[in-house]
Amino acid sequence: MFRFIIYLAKIRRLNKNKNKKWKNNTFFHNFATEIITLHCIVFISDINLGSRPVLLAPMEDVTDMSFRILCKEMGASMVYSEFVSADALIRNVQRSLDKIRVEEIERPVAIQIYGRDVESMVEASRIVEQEAKPDVLDINFGCPVKKIAGKGAGSGMLRTPQLMLDITKAVVSAVSTPVTVKTRLGWDVATMYDAQTFLPDAPKGKAYIVELAERLQDCGISALTIHGRTRSQMYQGEADWTLIGEVKNNPHMTIPIIGNGDICTAEQCLDAFERFGVDAVMVGRASLGQPWLFRDMRTFLDTGQHDSSMTLEWKFSVLRRQIEQSVAYSLREDNGLKERRRTELGGIIHVRRHLANSPLFKGIPNFREMRIRILQAESRDELFTLLDKAYDLIRQSQSI
Ligand SMILES: Cc1cc2nc3c(=O)[nH]c(=O)nc-3n(C[C@H](O)[C@H](O)[C@H](O)COP(=O)(O)O)c2cc1C
């Protein structure tokens with residue numbers, strides 16, 4: 001909007017001065033382009049995410065600060081923290097307090113919380129706002145894990161939508177930070193096409209997520225992320241984007257809809273925007289071991305071409321840097337981590353899972369054995385040696 005106002009001001013000035021630039025076609029071309037671009041820019045509240053934003057999904061034990069910073073540098077439009085328990089924040093659990101720390105360079109950043117009652121979620125959201133000052137506060141209503149969903153939190157809330165709405169409304173009014181929600185298509189396939197199962201006053205034959213999205217929007221949230229699976233699917237089967245598209249195309253919806261599930265390539269990302277019309281795409285597992293995926297997706301969305309500047313050498317240098325940063329983050333004096341993690345090993349444990357999942361290594365003969373060694377490595381040097389070996393093996397296989 002700001003840029004638009006500036007343009008209008010420029011036009012007025014040019015018109016007044018009868019400046020010959022007024023006749024300059026380039027100016028009008030730029031003006032038209034600007035209007036088209038402005039139209040496509042996605043805002044969560046007043047946070048400008050640019051056009052066709054690609055977001056790093058919240059992932060427990062994966063999206064710590066070091067990984068978020070790396071993904072941001074690689075082009076992620078916004079990054080999410082691991083989920084944090086509201087109860088643990090209230091109890092001042094150090095590990096949870098550590099999870100809500102953010103650095104300026106990773107902004108815009110969302111901190112995600114989960115819990116199962118209104119009071120604790122309100123209290124936790126205030127703690128997050130005060131301590132971390134995130135750009136967005138995200139509520140997790142999607143975690144399928146038994147110890148969370150079974151107790152009614154995360155995706156368990158899909159069976160108690162009134163409580164979900166009460167929590168959302170209360171959190172929205174408790175903080176001035178924009179609040180967003182991340183959830184799934186429904187509890188299971190048997191109930192996801194019939195909103196009346198859990199919302200008896202919903203219109204007959206309406207899909208659950210379509211009705212739920214409208215009601216969440218009425219609670220005042222600033223965006224909604226939908227993972228295209230039900231709770232009972234956990235992470236099995238393919239994500240179904242049809243209902244995500246239905247929510248997006250519902251004329252009652254005005255907030256940004258973020259689609260999530262099984263987006264692994266730049267082509268799939270573009271397809272999600274074009275076929276389902278979502279405002280943003282969120283990428284989770286595919287970013288493990290290849291944070292440069294965001295850069296490739298960004299380039300592809302903006303130019304229709306892959307980023308050919310990302311050579312094998314460069315990708316390995318990114319992985320090395322990821323190891324260094326993970327260790328540096330773990331060793332940070334001021335991060336309040338418990339003694340156990342304030343060691344090189346803490347950073348290594350975190351990063352080795354990323355490396356072991358890197359698609360770079362697919363196709364290396366006997367990679368299984370190397371993967372096990374990566375997962376057992378206990379020092380930076382061990383990991384560097386394994387990376388060097390992997391690099392040589394890939395080079396050899398390429399020259400055959
Ligand atoms: C290891 C792991 C941890 C996750 N932790 C969270 C979490 O803390 N909060 C959340 O909302 N979703 C979490 N998820 C779900 C992801 O955010 C995402 O919705 C899901 O993986 C589907 O997207 P993808 O196919 O791009 O991975 C997690 C997923 C994985 C694989």
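Reply: Two residues are in contact if their C-beta atoms, placed from the backbone, lie within 7 Å. Helices are DSSP runs (H or I, at least four residues) numbered from the N terminus. This is a predicted model, in which local features need pLDDT of at least 70, side-chain atom pairs count only at pLDDT 80 or more, and totals for chains, interfaces and linings use all residues. Residues are numbered from 1 along each chain as its sequence is written.

Me: Which residues of α13 do M65, S66 and L70 in α3 meet?

Reply: Helix α3 covers residues 65-73 and helix α13 residues 312-331, and their axes come within 8 Å. From α3, M65, S66 and L70 take part; their partners in α13 are Q322, Q325, S326 and Y329.

Me: Is α3 parallel or oblique to α13?

Reply: Axes are lines fitted to C-alpha atoms, for helices over the stretch in contact, and angles run from 0 to 180 degrees between N-to-C directions. Angles under 35 degrees count as roughly parallel, over 145 as roughly antiparallel, 65 to 115 as roughly perpendicular and the rest as oblique. The axes of α3 and α13 cross at roughly 140°. That makes α3, relative to α13, oblique.

Me: How are α6 and α8 oriented to each other?

Reply: The axes of α6 (residues 118-132) and α8 (residues 161-174) come within 9 Å and cross at roughly 30°. The two helices α6 and α8 are therefore roughly parallel.

Me: Which residues of α8 make the contact with α6?

Reply: On the α6 side are V118, M121, V122, S125 and R126. On the α8 side are D166, I167, A170, V171 and A174.
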